[in-house]
Amino acid sequence: MTTVAFTPDTEARFAVARHVADAVLFEGYVLYPYRASAAKNRLRWQFGVLVPPSWSAAAEEHDFQLTECLMEPRTGAELALEVRFLCAQRRTVEELRGDGAFAPTGELRLPDRVLVAWDEGVEERVTLVVPVAELRGDGLALPFTRPAAEETEEVTAADGRVLGRLVRRREEISGTVRISAAELDGPYRVERLSVTVENTNTWAAEPDTDRHAALPYSLVATHTLLRLDGGAFLSMTDPPEWARGAVAACRNLHTWPVLAGEPGRDDLMLSSPIILEDHPAIAPESPGALYDATEIDEILALRTAALTDEEKREARGTDARAAAVIELADTMPPEVLERLHGAVRSLQSVTGTPKPNGNILEPETPWWDPGGDTGVDPGNDHVLVDGRAVRAGSRVVLRPRLRRTDAQDLFLDGCSAMVEAVLHDVDGGVHIAVTVEDDPGADIRREQGRFLYFQPDEVEALEDM
């Protein structure tokens, strides 16, 4: 039995973690410009791929993941586990010939999409609920199998005529989840939980087998969700001081566990093949999955909306998820796009109060208002350099220092420059904004306020002004 029903409470807790786990499951699934013909979409499935053992021996990919983390279960505690992965379902395209037979074709062109061969990702999961007490000692092993399958889908024209069909084939997938717990020595009641997910497929790879042939027998984007009903997990990233030695002794191979769910709760763990921090979250501004890294939603939405009609047709025919991205970009309201432009969160936890929805914090008062700070005047402030007052209008020689500069600044060593402003930051640092003399773009920099910045020990004063 490889699938059990969770209690409503456990299902609700896993639903919180799946919001981020879905991003792990489909990260890089299809990349901008969301077309099968794009070079970046010809080498897919980069994260959490567990290949068959016969092919792992000849490749630099793995047939297992090992997760070890620490937990503090209470008496009678239960552990719920959900292993999630994708199966690569191979889709081919066939057209209907004049003799009534179907024949493979490179593409099938329709008014709204262009259908081509493609590997679709079919989501699978293996679930388990077990008392923690039963995991001690040898633990348990849970084998699972997903049978091979084939299905067809007719492709019709607007008038109902059959134009061709899509043929989808899945190979048999098999694996084993091994899980155990061991109480650690010491004054604290803490246990090490070990979870191994392995591909046990018996498919035999030929000596010249390539990755494309191995993928249908692989577990793709494999990751594990854990929920402790009665007790807590310890952070593997920032453990309490007393647990640091035990955390360092844990082995995590090809995956890494982090606390999941809301900050402040410790009953959920996500073991991901992508490096994450504790309590990872999708930005509330994100309008939907774009599969190409959530931190660049704005540029992806703009670039996708700018695709040509022909490019969008091909993307819609590539995959249902790619078609959804095109639809999202084409129908995104301006106010949603504006929301993607940026958000500052680093100061909100200390300066703001949460709105009723708990997502957006608004400061009651600005943490610093440069317009209201009479002690700051960049146009008239000065700083002493070798005993001389340097302010806006002063001329200096630039002497960038190796320890805190880049190659571009080093090219300016010895150049004379005009000081445009002297700025003091909130940490007490002083920065001298300059434009380089004889720079033909100096006027443009001055109009836009795009200056070069140096510290007082990186300039020499030429004269008093």
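Mentor: The protein has 11 helices and 22 strands. Helices (H or I, at least four residues) and strands (E, at least two) are DSSP runs, numbered from the N terminus. This is a predicted model, where local features need pLDDT of at least 70, side-chain atom pairs count only at pLDDT 80 or more, and totals for chains, interfaces and linings use all residues. Residues are numbered from 1 along each chain as its sequence is written, and side-chain values use heavy atoms, with hydrogens and water left out.

Trainee: How many residues does the protein have, and what share counts as buried?

Mentor: Buried means under 20% relative accessible area, exposed means over 50%, and partly exposed is in between (1.4 Å probe, protein chains only). The protein has 465 residues, and 43% of them count as buried.

Trainee: What share of the contacts comes from residues 24 or more positions apart?

Mentor: A contact means heavy atoms within 4.5 Å. Take the contacts with a separation of 6 or more: residues 24 or more positions apart account for 67% of them.

Trainee: Now the sheets. Which strands form the open sheet, and in what order?

Mentor: Strands of a sheet pair through backbone hydrogen bonds, either parallel or antiparallel. Two strands pair if DSSP finds at least two bridges between them. Here 5 strands form an open sheet, in the order β21-β20-β19-β18-β22, with antiparallel pairing. Its edge strands are β21 and β22 (459-461), and each pairs on one side only. From one strand to the next, the twist averages 45 degrees.

Trainee: How many bridges join β19 to β20, and which residue stands opposite M418?

Mentor: Strand β19 (residues 416-424) and β20 are joined by 7 bridges and run antiparallel. T435 in β20 stands opposite M418. The hairpin of β19 and β20 has 5 residues between the strands, and G428 there takes a positive phi near 90 degrees.

Trainee: What about the other pairings of these strands?

Mentor: On to β21 (residues 452-454): 3 bridges join this strand to β20, and the two run antiparallel. There, A433 stands opposite Y453 in β21. Strand β18 (residues 395-398) pairs with β19 over 3 bridges, again in the antiparallel sense. V396 has A417 in β19 as its bridge partner.

Trainee: Which residues other than glycine have a positive phi?

Mentor: Most residues other than glycine have a negative phi, and most peptide bonds are trans. W45 is not a glycine, yet has a positive phi of about 60 degrees. W45 is found in the loop between α1 (8-26) and α2 (53-56). Its relative accessibility is 6%, so W45 counts as buried. H254 is not a glycine either, and has a positive phi of about 65 degrees. H254 is found in the loop between α4 (244-248) and β12 (256-259). At 31% relative accessibility, H254 counts as partly exposed.

Trainee: How many aromatic pairs does the structure hold?

Mentor: Rings of Phe, Tyr and Trp (its six-membered ring) pair if their centres lie within 6.5 Å; planes under 30 degrees apart count as stacked, over 60 as edge-to-face and the rest as tilted. The structure holds 6 aromatic pairs. In one of them, the rings of F85 and F144 have centres 5.8 Å apart and planes at 35 degrees, so the pair is tilted. The pair links distant parts of the chain: F85 is in strand β1 (residues 64-96) and F144 in strand β6 (residues 140-146), 59 residues apart. Both F85 and F144 are buried.

Trainee: How are W203 and Y217 arranged: stacked or edge-to-face?

Mentor: Stacked, at 4.7 Å centre to centre with 10 degrees between the planes. W203 is in the loop between β10 (191-199) and α3 (211-214), while Y217 is in the loop between α3 and β11 (220-233), 14 residues apart. W203 and Y217 are both buried. Elsewhere, ring pairs link F26, Y29 and W45 into a cluster.

Trainee: Last one. At what angle do α6 and α7 pack?

Mentor: Two packed helices are described by the angle between their axes and the distance between the axes. Axes are lines fitted to C-alpha atoms, for helices over the stretch in contact, and angles run from 0 to 180 degrees between N-to-C directions. Helix α6 (residues 309-318) and helix α7 (residues 320-331) pack at about 135 degrees, with axes 6 Å apart. They are therefore oblique to each other (under 35 degrees counts as roughly parallel, over 145 as roughly antiparallel, 65 to 115 as roughly perpendicular and the rest as oblique). K312, A315 and R316 of α6 make the contact with A322, A323, I326 and D330 of α7.
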